[in-house]
Amino acid sequence: MTRESGAKIVLLVQLQEMKNFTNHEKDVANYILTHMEQIPDMSAGELAKSSLTSKATVVRLSQKLGLSGYQEFKLKLIAEVNQNERIGQILANEPITPNSSYSDIIHTIPGLYDKAVTNTRLTLNKGDMLRIDRFLQDAECIDIYGTGISYTLAQAAAFKFATLGVESSAYESINGHYLAARKHKKTVAFVISFTGANRSVETMAEYLRTATHNHVVGILGPHNQKIRPWCHEVVEIPNRDSILSLDVITSFAASNYVFDIFFSMLLSHCQEQHVQSSLEMIRHRNLLLNETFDA
């Protein structure tokens, strides 16, 4: 085994599997696994004595694991143990575990939604939200930018705003020609990043802020130090920093909640017009639903 390939395999797993270990090397591995907290303070000679083997066996085992010697082995082992402890602490707070049943999950998910919405509501600044609402009321266009799943959210939000008669579209990238051709239109541009540290979204925000007259609003997670300067306004959403995929659920729910607030505020300003357009739509509902409608 080469040093490079060995570095790609988790040491703790190798020690537990003991693949191709001699009997003496297994003795060393067993001692390490059962006395993990003592290893950082032990020399190769001390480990050999405690495991009833030899210093040469300890060094040979380290090299068999793809490392230069015992000192490198010890440093890598300590790093892995610390990482496992951190992962264990994070997983201890995860609501979904290998033992979660269907019943557990269907009761857990609504709680995640509720927590995401509640945490977001508590962080919202009323003055900021009302200021953004004023820009939206005056906007001729609403453009929403995102990547990956945040682009899916952007599409849903754009659809909602469009039902109010506002020109609204979702984008995964910058179209410079499109933006230049519409520079005379009053536009609010939302940029979405669940972490706040999406490099592609940062680039889009920078372009929108420097090359257009768009009013740029960031819907961003907490790691937004680089994107924030390119936004006129920022609505920060909570992010769990989970090692699992549940942060997608909470971030999506939080961001969707923010867009629904803006949608609802716009709706309250144009409710009469929206009712009229809804009645017009109902008169032609049979064309959409393939049914007969008696007026």
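Reader: What should I know about the model before we start?
Author: This is a predicted model, in which local features need pLDDT of at least 70 and side-chain atom pairs count only at pLDDT 80 or more, while totals for chains, interfaces and linings use all residues. Residues are numbered from 1 along each chain as its sequence is written, and side-chain values use heavy atoms, with hydrogens and water left out.

Reader: Where is Arg182 found?
Author: Arg182 sits in the loop between helix H10 (176-181) and strand E3 (187-193). Helices (H or I, at least four residues) and strands (E, at least two) are DSSP runs, numbered from the N terminus.

Reader: Is Arg182 buried or exposed?
Author: Arg182 counts as buried, at 10% relative accessibility. Buried means under 20% relative accessible area, exposed over 50%, and partly exposed in between (1.4 Å probe, protein chains only).

Reader: Which residues does Arg182 touch?
Author: Not counting residues up to four places away in sequence, Arg182 touches Cys141, Asp143, Glu167 and Thr187; contact means heavy atoms within 4.5 Å.

Reader: Now salt bridges. How many are there?
Author: The count comes to twelve salt bridges, each being a side-chain nitrogen of Lys or Arg within 4 Å of a carboxyl oxygen of Asp or Glu. One of them joins Asp138 and Lys186, with the closest N and O atoms 3.2 Å apart. Asp138 lies in helix H8 (residues 126-138) and Lys186 in the loop between H10 and E3, so this pair ties together parts that are 48 residues apart in sequence.

Reader: What about Arg228 and Glu236?
Author: Arg228 and Glu236 also form a salt bridge, their closest N and O atoms being 3.3 Å apart. Elsewhere, salt bridges that share partners join Asp143, Glu167, Arg182 and Lys185 into one network.

Reader: Changing topic: how many aromatic pairs does the structure hold?
Author: The structure holds nine aromatic pairs. Rings of Phe, Tyr and Trp (its six-membered ring) pair if their centres lie within 6.5 Å; planes under 30 degrees apart count as stacked, over 60 as edge-to-face and the rest as tilted. Phe161 and Phe259 form an edge-to-face pair, with 6.5 Å centre to centre and 75 degrees between the planes.
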